[in-house]
Amino acid sequence: MQKLNKNFNYWWDIYAKHVQDVVLNNKADCPEEVSYWRNAVFCNILTYLTPLSLIALIPSVIMAFTNGVIVIGIADLFAFFVILLITVSPGIKIEVRKAIFISILFCLSVTLLYFLPLPGPGLLFALAVTILSSLVYSSAAAYISSWANTIVCGFFALFIHFGNESTVSSVYSMGSWIAVSSNLVLLSFAFSKCLDLLLAGLTASLQENKISKAKLERANRLYQFISQINQTIVHIKDADTLFRKSCEIALEFGKYQMAWIGSFDTAQKKIVLLNSCGVSEQDIKVLTNLPYETNSPEEYVLRTGKYFLCNTLEHSLEINSRKRYAEKLNIGSFIILPIKKSGSVFGTFNLCATEYNYFDQDDIKLLKEVTGDISFALDLFEKAERHQEAEIELQKNFAKLEAASKEQSAILNTLPASIALLDNEGKVLKINDEWIQFGKANDLHHSYEHIGKNYIEISEKSSGRDSKDGKRMAKGLKKILSGSGEYFTMEYPCDSLTEKRWYKVEVRPYKSLHQNGAVVMHINITERKKAEAEMLLLINNTEESFILLDSNLQIVFFNNQFRNLYKKYFGLEIQKGVSILDYAQPERKEMVASIYKKVLEGNVEESEIIIADLNDTTSYFSLKYSPARDESGTIFGAFVTAVNITEKKKAEEQKEFERRDKEALINSIDDLIWSISTDFKLIAANNAFVKEMKEYTGVDIKQGDDFISLNVIPDASLRDWEELYQRALLGESFKTEIYNAHSDMGPESWIEASFSPIIVNEQVAGIACYSRNITERKTAELERAKITNDLIQRNRDLEQFTFIISHNLRAPTANIIGLTEFLQNEILTPQEQKEFLNALASSALGLDTIIKDINSILQVKLEVNEKKEIISFSKLINELLLSHSSLIDKHQVLIKSDFSEVDEIFSLKVYLHSIFYNLISNGIKYSKPDEQSLIEIKSKKENGKIILTFTDNGLGIDLTTKGDKIFGLYKRFHTHVEGKGMGLFMVKTQVEAIGGTITVASEINKGTEFTITFEN
Amino acid sequence: MRKLAKRFILVDDDPLTNLLTKKIIERNLGEVEVKDFDAPELALEYIVTEFEHKKFADKTILFLDINMPTLTGWEFLEKYETFSTPIKNQFNIYILSSSIDPMDIERAKLNPLVIDFIEKPIKIDFLLNTFLA
């Protein structure tokens, strides 16, 4: 039994779980909502109703079938299966299940009412529908159901009244039906109302519960936020950590989406990001250095010191600028709170939330408190910092004072000078370490005992070599101590056992609050003395002679060389303290004085003198007079150096001679010689070059002139020259011939030029150029070439004649021979005879034509000497079109001519006429039969040449195979047109006879273009 | 004993020459077939279409002029050379030209496709000796 129960429980659990799954479909509804409970009730009803309904179903179905109410049985079964279906089958929405469930129950109740003789079950079902509607749907559904019940009852009342043949009408009278059915109506409405009230109350309490929970959570969140911040403030000692923590706490405890703190950089009008949390790396970049505009939220906060709140970002117009950014980050509302430092706004605390209306009064109140706390903490930090700084400063000052005191005594003790303080009697009061050390080092056992002794006495007592210096010292000390001197110094030798030493003593009066006296200081100046001696050695051993004068021009110092100079050249022994002018030669005195005057004013003067020594050998001297300045730059005298430049002078003279010699050499020839630097500046040129330049360009070219900017090279050949120079600059040495076309700079000419790079230190420093006019030679060469060409042409003509004779003249001749032979030998019919005689005549005529052609060709060569005239192309073409209008009309040719660029030529009219005629007729003859023929004639001028083009759209010629023969005599390329192959030959002959050339370009089926070029 | 030639093809742009040659051949060789062309292109076309499939036991004689406007004799031979050997085997080609240029004669002699160079007008003796012996 227990096992059975266990088994049943197991299967029931599976069933119940399945129903829950399919009906609720795992919908995670909030239990605070009434709909959640409605769905749960519905699910439970289905779970239990389906198996329980079997209890009602089985007996009612059996009863229905046994009593012959089959409709009821079927309806019961149908209803059961539908309910079973919506209970277990997945994939149906819960609302649909509910609708099906209610409607099937309602239908069942109507069916039962209609077919059962007793109304009980039907009315029960109707009431059940109302109650279930209220439970699983809504209160409204319950009222609708109640009204539906009322209507159904009404219908049945009508059935009874009109005696319809239904079970109900047969059993009830009107009165009894109303009595029964009115109970259903009453109960339906009563339940609807009761359940409505119950559920409304339930809903209200659920809602309240939810709101209070949310409030609690919020309060809790805000409390945590502020308490965390305050805790942080208590523990943290610096602003940076405070900012970082504040942001972190805002996210962790305040549950904000983003938090960041920025400070105002009012100078740059931008916000410096101090810390952030919940903002991605990329967005941080946007936040950093964010500029704020006037009237922007940040500016508002800065200006007013109040917070800025935006609870619905989408609707706030003034923050349009950041909407896009907010949308991207999914920000619904944000607040900017001021952070103050010493009472003024220092930065902002920015908080963002995903939801709209996130910040309510509680939030704002708390946040104000939080930022107030942060501001307070900032002030606190600053105060603490200042306090600390002040303390450190104090400590530093104290340390400094201590150090200064130590330093002073250290300085005194480490000074390389021996210092002693004397009282007004000359008694030694104090000595420094060096004084004691000096005594020890020099074995003067008594020196450290000087304290308390009279230093004047000690000095006076010094004996031997030092006695003289000792007396001077005592005298000086007395002078200072008596107050009649401010300073006493003397230098004295004081050799140790091993080395030579020099000392300097300085005595100054000393006055203090307590007593008067003097300070004595001995300084070792051995190094200086040695250096001075070395310097003197150096000065006396240089090449240069120099002398130093004071501002009165009295000699202060001079080296040996200078002394020797005066001795050697003037026989004078110069001495210190004498004015230099006293040594000047009388005639130079005034001049020398003026030089010194200038020098003392700060100028540097130079002069050269030639002096003859006592042996009459002349020498050159370069003198330089410079103002002598002390360390502060003040002029205190003059410094003169003299250098013997005799050798240099002689070398220069030699150089000058060589230069002039070379110059004379290059100027003695007519050819041009010049050289230019790498930047095309003239280095040197011979007279011929300068003359040529002057003659042709009018420019007086000088050394250093720029070739390019001077415009001495004609524009046409500028590039050629540049190229030649560039070649030479690359290190090439070459010779070339240059042609200069006729220009305003002169007639056409040929020059031969050579270019050689000038190499200095393995680098090209310039170009040496040489050019020679070779126009005469060149002209002769060209003349010769022309004669050779003419001869070749003549030879070609002769070949042409041989060809004509061997081919063209022979053809009709052969025919004549054949025909006459035939006519002689054969017996012919009259018809044949006539035919052959015609052929004979035709051949003879052909022969004649060729002979005439030869004549006209020969004529061309003779007529060249005819008189030339100015011919207008347009006039010529008009004449041609007029005289050959029939030919043109017949072939429907369109002839376009354009002589706008050049219309006139100086030439032979007969030939030009023939050339035009032949080329036009050629175009007409070889036009395409199925296309409008077009011949275009144009003239233009290029580089002084007149160019004529004849273009047609005719058949064209394959130039790859026929190109070389197109202008040949008796050459034809098309069989369908009459022609003897004379036209183009004549055109070429005539064009060449008047000094032109003709070329052809053609493409099969596209057309042909003839180009005639006349050298003007 | 050489066989009698029965078929002649004349290629010359001058119809007079063709007429004369044709008459001389017909008069002297009797029953022969002489076909003449003013345009060498047509002659080439005729050779290809007529001799591609036919096979005559005896050779056909072709007289070819050199100076023709659209296609010279030499160019004609260049095209003819590309024909298949069975076609070429059926022809004996003679240059029949009015030219007395030694260059032309030399060139004809050197061309393996050409049997001989004959100077216009064609001689009866040559016909009889060559084709009727």
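This is a predicted model: local features need pLDDT of at least 70, side-chain atom pairs count only at pLDDT 80 or more; totals for chains, interfaces and linings use all residues.

**Entry 1: a turn and its strands**

I looked up Asn1005(A) and found it in the loop between strand 27 and strand 28 of chain A. Helices and strands here are DSSP runs (H or I, at least four residues, for helices; E, at least two, for strands), numbered from the N terminus. Residues are numbered from 1 along each chain as its sequence is written, while chains are lettered from A and ligands numbered from 1 in the order in which they are written.

Back to the turn. Phi of Asn1005(A) is near 65 degrees, positive although the residue is not glycine. I remind myself that most residues other than glycine have a negative phi. Is Asn1005(A) buried or exposed? Asn1005(A) is exposed, because 10 other C-beta atoms lie within 10 Å. The cut-offs: buried takes 20 or more other C-beta atoms within 10 Å of the residue's own, exposed 12 or fewer, partly exposed anything in between, with C-beta atoms placed from the backbone.

Strand 27 and strand 28 of chain A make a hairpin with three residues between them. Strand 27 covers residues 996-1003 and pairs with strand 28 in the antiparallel sense over eight bridges; for strands to pair, DSSP has to find at least two bridges between them. Gly996(A) sits opposite Phe1014(A) of strand 28. Strand 28 (residues 1007-1015) is also joined to strand 26 (residues 945-952) of chain A by eight bridges, again antiparallel. There I noted Asp952(A) opposite Thr1008(A).

**Entry 2: a five-stranded sheet**

Next I traced an open sheet in chain A, with five strands in the order 18-17-21-20-19 and antiparallel pairing. Which strands stand at the edges? They are strand 18 (682-685) and strand 19 (734-740), each with a single partner strand, so one side of each has no neighbour in the sheet. On average, neighbouring strands are turned by 25 degrees against each other, direction ignored. Axes are lines fitted to C-alpha atoms (for helices, over the stretch in contact), with angles from 0 to 180 degrees between N-to-C directions.

Strand 19 and strand 20 (residues 749-760) of chain A pair over seven antiparallel bridges, and Thr736(A) has Ala753(A) as its bridge partner in strand 20. Helix 21 (residues 687-697) of chain A packs on this sheet, touching strand 17 (672-677) and strand 18; its direction makes about 85 degrees with that of strand 17.

I then checked the loop between strand 20 and strand 21 (763-773) of chain A, where Glu762(A) lies. Glu762(A) has a positive phi near 65 degrees without being glycine. Glu762(A) counts as exposed because 6 other C-beta atoms are within 10 Å.

The largest nonpolar core has 42 residues, and Ile335(A) and Leu351(A) have the most contacts inside it. A core here is a set of buried Ala, Val, Leu, Ile, Met, Phe, Trp, Tyr and Cys residues joined through C-beta atoms within 7 Å. Helix 9 (residues 239-252) of chain A gives the largest share, six residues. I listed the contacts of Ile335(A), leaving aside neighbours within four places in sequence: Tyr307(A), Phe308(A), Leu309(A), Leu351(A), Phe359(A) and Leu367(A). Contact means C-beta atoms, placed from the backbone, within 7 Å. I also found a second, separate core of 38 residues, with Ala64(A), Leu127(A), Val129(A) and Tyr172(A) among them.

Pro51(A) is exposed because it has 12 other C-beta atoms within 10 Å, whereas Ser60(A) counts as buried because it has 20 C-beta neighbours inside 10 Å. From Ser60(A) to Asp76(A), 16 residues away in sequence, I read 7.9 Å, C-alpha to C-alpha.

**Entry 3: where the chains touch**

Last, the contact: 20 residues from chain A and 18 residues from chain B. Helix 24 of chain A gives the largest share of the chain A side, 11 residues.

Notes. Two residues are in contact if their C-beta atoms, placed from the backbone, lie within 7 Å.
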